[in-house]
Amino acid sequence: MKQNNLKIYSSNGFLIFEDFIVREKIRFTAIENIIIYHVGETYNNQINFYLSEPIIYQNINEKWWSKWLYKLFLKTRSDTYKIEESYSDDHIYIILSLLQENLSGVSMPNDLENSMFWKTTDQGYELPRVKLIYSKKGLSLVDVLKKYGKMIDKNNL
């Protein structure tokens with residue numbers, strides 16, 4: 001889960017996540033699909049962004065230790081076309097609010113605190129604890145999960 005000192009805001013067409021070392025910039029027009037789901041035994045939620053353009057990473061601190069941590073951070077980011085990260089509910093509400101302001105078609109769950117009990121039925125599948133927040137091309141939840149390897153099509157086994 002991200003730290004409490006995380007700043008989340010939008011600027012010049014970007015959704016921005018910033019902590020004391022790294023600024024991550026996601027162009028709103030590059031967002032293809034977003035899902036949110038419950039993880040863990042407690043009320044934790046993860047939001048996944050799938051993008052058509054890479055995330056822009058910037059080191060925001062010029063101190064030697066920050067540069068070292070930034071390089072270490074970059075080594076952990078093998079796929080710059082997605083973010084799969086757990087956030088506090090407060091951060092998720094900020095993210096969703098910024099998405100709604102900058103993208104049309106974003107659905108905001110009004111029961112985030114009950115994500116452990118979510119169930120979505122789509123194409124004959126019952127999917128617990130997950131919701132589709134946004135799909136640029138209007139894909140269904142099942143189609144998004146299959147596209148990103150989060151679900152195996154039982155008909156192709």
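**Entry 1**

I began with S115, which I found in the loop between α2 (89-102) and β8 (119-122). The model I am reading is a predicted one. I then checked the accessibility of S115: its relative accessible area is 0%, and the residue therefore counts as buried, the cut-off being under 20%. Next I looked up what the side chain of S115 meets, and recorded a polar contact with the side chain of H38 at 3.2 Å. Leaving aside residues up to four places away in sequence, I listed H38, N44, N45 and R129 as the residues that S115 touches.

**Entry 2: β4 and its pairing**

I turned to β4 (31-39). Of its 9 residues, 8 are buried, so I noted β4 as largely enclosed by the rest of the structure. I asked which strands β4 pairs with. With β5 the pairing is antiparallel and runs over 8 bridges; with β10 it is again antiparallel, over 5 bridges. For individual bridges to β5, I noted Y50 as the partner of N33 and N48 as the partner of I35. On the β10 side, I noted V130 as the bridge partner of Y37.

**Entry 3: the sheet**

I traced an open sheet of 4 strands in the order β7-β5-β4-β10, with antiparallel pairing. Which strands stand at its edges? They are β7 and β10; each has a single partner strand, so one side of each is left without a neighbour in the sheet.

**Entry 4: the nonpolar cores**

I looked up the largest nonpolar core and counted 31 residues in it; L15, F17, I26, I31, F49, I95 and L99 have the most contacts inside it. Among the elements that give two or more residues to this core I listed β2 (14-18), β3 (22-27), β4, β5 (44-51), α1 (64-75), β7 (82-87), α2 and β10 (130-135). Which element contributes the largest share of this core? It is α2, with 5 residues. Apart from this core I found another, of 10 residues, including Y125, L127, V130 and L141.

Not counting residues up to four places away in sequence, I31 touches I26, F49, Y50, L51, L99, L103, Y134 and K136.

Key. Residues are numbered from 1 along each chain as its sequence is written. This is a predicted model: local features need pLDDT of at least 70, side-chain atom pairs count only at pLDDT 80 or more; totals for chains, interfaces and linings use all residues. Side-chain values use heavy atoms; hydrogens and water are left out. Buried means under 20% relative accessible area, exposed over 50%, partly exposed in between (1.4 Å probe, protein chains only). A polar contact is a pair of N or O atoms within 3.5 Å; within protein, one must be able to donate a hydrogen and the other to accept it, and residues adjacent in sequence count only if both atoms are side-chain atoms. Contact means heavy atoms within 4.5 Å. A nonpolar core is a set of buried Ala, Val, Leu, Ile, Met, Phe, Trp, Tyr and Cys residues joined through side-chain atoms within 4.5 Å. Two strands pair if DSSP finds at least two bridges between them.
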